[in-house]
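Here is a briefing on side-chain pairs and helix packing. Keep the sequence and the 3D view open while reading.

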Amino acid sequence: MKQYRGKRRAVQLATLLLIALIPAVGLFRIDLTTASFTILDRQIWWSNFTLVFGLAIIAATAPIITYMTIGTVWCGWACPQNLVSEWANSLTHKLLGKRANVNVEGDGLVVAAAKNKLLNWLILALSFLAAALVLAIIPFLFFFSPAEVWNFFDFAAGNQLSAFMRQLYFFCVFLIFVDIAVVRYFWCDYACLYRIGQKIFKTKDALHVAYDASRSTDCTKCNYCATECITSIQPTKITIYDSCIDCGECIDACNRLHAKSGTTGLLRFELGEKGSAPTWRDKVRDVISHFNWWVGALFVAGCVMTVWGVASQPEPVAPPTRAELQAEQQAHQLFEMCHTQCAPQQAACRGGSTSACIRAAACQCQCSLDHDPANAESANWQRCVKSNTERADALDKKQRP
């Protein structure tokens, strides 16, 4: 019985689905055109220092907390890279032999002679290509809505942006295909920043695979656990700096072997260094007692700043409605029309005549009233015409000799 395999695979698939759904449903998206995030359908500007700094603190401290508590569980139970690598290894072994190796990491190309056929290679390549075509869509969902992504990949759309996005998409497909086909765990061992952080911050108190040395006489030295190990290490001699990903495959293997004799395996998951702790509660308490609370405090501060940044973000100004846009356009057209009609008065005003300037204002109001009498401002326009005409007449009368 494989105690951990099914549970782990379910968690891995759920994590991959969650990564795709978070941007797809609008929970989180990045908008490069407006320099903002979309969080819970709210637009958060990058200039929101509280939010951005809070997210930076979370990004820096959350991995450290996992290193010190659950160890490498993310790698073995959730990381999409490991999920894809495991799937690629399994398919490679089925099509090219149980010991086949096509990775860049290893002793070179190893293929079973009986399975070194063109059809097997073709099925393997097409399977990897199909996976790459699907996985390459996920990064685009973090920057565009699903409808926009579909438009980019719709070859009927002939705009330049769609053409560029298609090229970028196929480039992503190429990179993912290479990763699935030949890179696999090489990325984890030599390029993953998360794994590098583990080597710096991981402690003996974190969750890890432990070997019951007190029962070493029960160990048949069959190396079954090492054969099942995903990262090709010796599970009975794991050190803090090994590349163990806490997948539990070695534990399952050892348990299956000893179940035949009615005993339990010699490998188990353990928290802390107190192997004699009777309960998980005691083991968790042991980890908490060694927890770095400065890191925890920074993480909480980052969460508070992020929540405050989202809550304090002012509501975006609603775009004008279609009716408002039409009214604005009509007002602009009316202004241009009346500006032309009252050009003589305006020319006289520029010549230095005060009464001409007043009559120009009256002309503008009269023109507006003539062309849009039903406007809500018509009463004000009528007062404008009357008052300015009276003022101009009075001024002209006063200036007559």
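Arg8 is buried, at 0% relative accessibility. Buried means under 20% relative accessible area, exposed over 50%, and partly exposed in between, with a 1.4 Å probe and protein chains only. The model is predicted: local features need pLDDT of at least 70, side-chain atom pairs count only at pLDDT 80 or more, and totals for chains, interfaces and linings use all residues. Residues are numbered from 1 along each chain as its sequence is written, and side-chain values use heavy atoms, with hydrogens and water left out.

**Salt bridges**

- Side chains of opposite charge can pair when their charged atoms come close.
- A salt bridge here is a side-chain nitrogen of Lys or Arg within 4 Å of a carboxyl oxygen of Asp or Glu.
- Across the whole structure, the search finds nine salt bridges.
- Arg8 and Glu86 meet in a salt bridge, at 2.7 Å from N to O.
- This pair links distant parts of the chain: Arg8 sits in helix 1 and Glu86 in helix 4 (residues 80-96), 78 residues apart.
- Helices are DSSP runs (H or I, at least four residues), numbered from the N terminus.
- Glu86 also counts as buried, at 10% relative accessibility.
- Arg5 forms a salt bridge with Glu249, and their closest N and O atoms are 2.6 Å apart.
- Arg5 belongs to helix 1 and Glu249 to helix 12 (residues 249-259), so the bridge ties together parts that are 244 residues apart in sequence.
- Glu249 is buried at 3% relative accessibility, whereas Arg5 is partly exposed at 25%.
- Glu228 and Arg256 form a salt bridge with closest N and O atoms 3.9 Å apart.
- Arg256 is in helix 12 and Glu228 in helix 11 (residues 224-228), so this bridge ties together parts that are 28 residues apart in sequence.
- Arg256 is buried, with a relative accessible area of 18%, while Glu228 is partly exposed at 24%.
- Shared partners join Arg5, Arg8, Arg9, Glu86 and Glu249 into one salt-bridge network.

**Aromatic pairs**

- Rings of Phe, Tyr and Trp (its six-membered ring) pair if their centres lie within 6.5 Å; planes under 30 degrees apart count as stacked, over 60 as edge-to-face and the rest as tilted.
- The count by this rule is 10 aromatic pairs.
- Tyr4 and Trp77 have ring centres 6.1 Å apart and planes at 80°, so their pair is edge-to-face.
- Tyr4 lies in the segment before helix 1 (5-24) and Trp77 in helix 3 (residues 73-77); the two are 73 residues apart, and their pair links distant parts of the chain.
- Tyr4 is buried, with a relative accessible area of 16%, and Trp77 is buried, with 15%.
- Phe140 and Tyr169 also form an edge-to-face pair, with 6.1 Å centre to centre and 65° between the planes.
- Phe140 is in helix 6 (residues 137-141) and Tyr169 in helix 8 (residues 160-183), so the pair ties together parts that are 29 residues apart in sequence.
- Phe140 is buried at 5% relative accessibility, and Tyr169 is buried at 8%.
- Tyr4, Trp77 and Phe269 are linked into a cluster by ring pairs.

**Packing of helix 15 and helix 17**

- Helix 15 (residues 322-341) packs with helix 17 (residues 354-371) at an angle of about 125°, and their axes are 9 Å apart.
- Axes are lines fitted to C-alpha atoms, for helices over the stretch in contact, and angles run from 0 to 180 degrees between N-to-C directions.
- Helix 15 is therefore oblique to helix 17.
- Angles under 35 degrees count as roughly parallel, over 145 as roughly antiparallel, 65 to 115 as roughly perpendicular and the rest as oblique.
- On the helix 15 side, the contact is made by Leu334, Phe335, Met337, Cys338, His339 and Gln341; on the helix 17 side, by Gln364, Cys367, Ser368 and His371.
- Contact means heavy atoms within 4.5 Å.

**Around Leu124**

- Leu124 lies in helix 5 (residues 118-135) and is buried at 3% relative accessibility.
- Leu124 touches Leu91, Thr92, Leu95 and Leu96, leaving aside residues up to four places away in sequence.
- Leu124 and Phe186 are 62 residues apart in sequence and 19 Å apart in space, C-alpha to C-alpha.
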